[in-house]
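I record what I looked up, entry by entry.

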Amino acid sequence: MRKWVLSGILASEETYLSHLEALLIPMKPLRAAATTSQPMLTIQQIETIFFKVPELYEIHKDFYDALLPRVQDWSYQQCVGDLFQRLASQLGVYRAFVDNYKVAVETADKCCQANTHFAQISENLKVKSTKDCKDQSSKKSLETLLYKPVDRVTRSTLVLHDLLKHTPCSHPDYPLLQDALRISQNFLSSVNEEITPRRQSMTVKKGENRQLLRDRFMVELVEGSRKLRHVFLFTDLLLCTKLKKQAVGKGQQYDCKWYIPLADLTFQTIEDCESTPIPLVQDEEIDALKIKISQIKNEIQREKRTTKGPKVVERLRKKLSEQESLLLLMSPNMAFRVANRNGKGFTFLISSDYERAEWREIIREQQKKCFKSFSLTSLELQMLTNSCVKLQTVHTVPVTMNKEDDESPGLYGFLNVIVHSACGLKHSLNLYCSLEVDSFGYFVNKAKTRVYRDSTEPSWNEEFEIELEGSQTLRLLCYEKCCSKPKQSKEDGEMTDKIVAKGQIKLDPQNLQSKDWQRTVIAMNGVEVKLSMKFTSREFSLKRMPSRKQSGVFGVKIHVVTKRERSKVPLIVRQCVEEIERRGMEEVGIYRVSGVATDIQALKAAFDCNNKDVSVMMRDMDVNAIAGTLKLYFRELPEPLFTDELYPNFSGGVALSDSVAKESCMLNLLLSLPEPNLVTFLFLLDHLKRVSENECINKMSLHNLATVFGPTLLRPSDKDSKLSINSSQPISMNDSWSLEVMAQVQVLLYFLQLENIPTPDSKRQSLLFSTEV
């Protein structure tokens, strides 16, 4: 792995040198012109703008020329630490460059305004192409290139961290690299304020005769921005507050943002108001927050086993609470709109239709008892707001990670649910059920039954496999299918189908210990839905089994299948992809929404038996079952598509801080895969990119697809997994599992986001679609 990291560093150095060289090229003619009767710039201006650039170029050219032959003549004992130590000792040149940087940029800007010829030159500086892209050339502005050394300073410690991570403590390089890192860190801390923008830290908002019915932390949309609020529903009014920033030693205080008497409150739809677009947060940001939360949780558990005292743990808990608050703020996207008697609207963002329906139901029920409008005096409003400190029932943001140690950490693994039937309906309806589970404190829709038409006793008998991530609750919503209204967009967050009934059950770890199906009934205002559930913990559900058969395709090594079929890509992969691209590209939640398990098993059996009619079977099946079959094939491979051998290197490569080094490392690793694995992956990668092109319809972004397929393609065989599972808790899961799964997601996401993967073009098309060996 050290060689991969160093190869990436070399690629990064080569790019950096080309940027410095692009700065040096105009210096010579500018100097020559400065001594003529019509100078473009004065000598002093040239010295100011290009200050220390020649010295930086010489330092990095010497470093590159010394490192290259050592990497080319690589061995385990090869030493490079002295080169990094010498490079770190020359950081004083960067000190001088950074001190002059602001003046250099200002001088260049003034010169551009005074001289149009220089302005044209400064906007079109040619950067020589690197060895990997000889036919390409690019142009950069002077300002962009002058920032490159500044950016280099901030990344110097990151590169050394990456290299140290993959250098054994016993290696001669280790103390040299540690010394280089120490020098770099000291230098970086001395200049950090000058080159790093100040970041705004988020303060944590914790949760103050009328009767309080409920209070919740909610996200309010205010002029396009998300604001964390504590909302109190009393018997006669809805009060929206925020927690005041308080001085040390002072108690909590709330600030009233607005209130609406229930007699005046109305619910708004999209048609009733001028809708402000909901600012959607990228899935990558949400995932990064989850990683931080899991890492801090691990740190807390680790510190509890040491003797450092409670202060460290308390500091980590505060940090955890900040990240949880931020996750609560960023995750919900479904609008819940209310208005006062003057028509002024207020918008909350919540995570599920279940929660929105709850608020509407309890408010409507209470409105039956509220007949008069009223206004509160400023004193009355202040007294009510102050009372919220004592009345509040929710004191922390509702995130699973906030649970105390003796509470259930939730379930990690797969929950098989059979939705059998419903009874108790008063009229014949076109009914379907939707299943939600909580993950990191908010609820996500996971599965949906087919619509059972015109019946008072619908009977679905459909089985779904639902992935759980620290989940504690299963919610079920019954909808009446409405065909008359057009669907709203995701930004509107409005459902057109009517909720007929809703209910939820706690996922009890003790009851789900058994491997047998557990039957249960969810009763919802006279409507009952019968379910069966069976849980499989993640360490068993994702465990790869050794290949014990040569026939069939499931559970058989990929090279065996491709050799037998005389193809480059297994037939099952090609047929599933073709059918999904034929009619599933606009299916909402394709690959995320579970298919019916019985259909998936039928397709699995057909492919294993080489049934010639499998393509006919697929045409009659729900497209989600075909997507589920494809995922199951990759999950049951005895070895992951990325191989057990290279898996640790992929995980290490994607964590590299330097973008150029990361790209070099990841592409080299990818091209090291066995040919059947590589070609199959490229085929699947192209397909997933095409799926994401329909994101506005199917809601499947590149990140969503990486979340679904990352663990499926990368999860190593059991013997190679680095996870340490607590055997005393067979169905709860250490957060280290979540961290590893998230790393697998990041590897796949990296390749999905790469515009071009430089595989040999002459081979790629023939490899992907040829059916010959």
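**Entry 1. Helix H16.** I looked up which residues of H16 are buried in this predicted model. I found Ile 572, Val 573, Arg 574, Gln 575, Cys 576, Val 577, Glu 579 and Ile 580 to be buried. I then asked which helices the buried residues of H16 pack against. They pack against helix H17 (597–608), helix H18 (614–619), helix H19 (623–635) and helix H22 (675–692). I also checked the length of H16, which covers residues 571–583. At 1.5 Å a residue, its 13 residues should span 18 Å, and the end C-alpha atoms lie 19 Å apart, which agrees.

**Entry 2. Nonpolar cores.** I turned next to the cores. The largest nonpolar core has 123 residues. Phe 84, Tyr 591, Phe 634, Phe 681, Leu 713 and Phe 751 have the most contacts inside it. Another core, of 31 residues, lies apart from it, and I noted Leu 415, Ile 466, Ala 501 and Met 524 among its members.

**Entry 3. Aromatic pairs.** How many aromatic pairs does a search of the whole structure find? The search finds 19. I examined Phe 63 and Phe 84: their ring centres are 5.1 Å apart and their planes stand at 75°, so I recorded the pair as edge-to-face. Phe 63 belongs to helix H4 (residues 53–72) and Phe 84 to helix H5 (residues 81–89), so this pair ties together parts 21 residues apart in sequence. Phe 63 counts as buried at 4% relative accessibility, and Phe 84 is buried with a relative accessible area of 6%.

I then took Phe 681 and Phe 751, whose ring centres are 5.8 Å apart with planes at 75°, so this pair is edge-to-face. The pair links distant parts of the chain, as Phe 681 is in helix H22 and Phe 751 in helix H25 (residues 735–753), 70 residues apart. I found both Phe 681 and Phe 751 to be buried. I also noted a cluster in which ring pairs link Trp 258, Phe 267, Phe 336, Phe 346 and Phe 348.

**Entry 4. Seven-stranded sheet.** I traced an open sheet of seven strands in the order E6-E5-E4-E3-E9-E8-E7, with antiparallel pairing. Its edge strands are strand E6 (254–261) and strand E7 (266–267), each of which pairs on one side only. E7 is joined to strand E8 (residues 334–339) by two bridges, and the two run antiparallel. I looked up the bridge partner of Thr 266 in E8 and found Ala 339. Helix H11 (residues 310–330) packs on the sheet, where it touches strand E3 (212–222) and strand E4 (225–234). I noted that the direction of H11 makes about 90° with that of E4.

**Entry 5. Four-stranded sheet.** I traced a further open sheet, of four strands, in the order E14-E10-E18-E17, with antiparallel pairing. Strand E14 (459–471) and strand E17 (518–524) stand at the edges with a single partner strand each, so one side of each has no neighbour in the sheet. Neighbouring strands of this sheet are turned by 30° against each other on average, direction ignored. I recorded 10 bridges joining strand E10 (residues 411–423) to E14, which run antiparallel. Where in E14 is the bridge partner of Leu 411? I found the partner to be Ser 471.

How values were computed:
Residues numbered from 1 in each chain as written. Predicted model: local features only at pLDDT ≥ 70, side-chain atom pairs only at ≥ 80, totals over all residues. Heavy atoms only, no water. Expected span 1.5 Å × (residues − 1). Buried < 20%, exposed > 50% of the residue type's maximum accessible area, 1.4 Å probe, protein only. Contact = heavy atoms within 4.5 Å. Pairing = 2+ DSSP bridges. Axes fitted to C-alpha atoms, helices over the stretch in contact; angles between N-to-C directions. Core = buried A, V, L, I, M, F, W, Y, C linked by side-chain atoms within 4.5 Å. Phe/Tyr/Trp six-rings, centres within 6.5 Å; stacked < 30°, edge-to-face > 60°.
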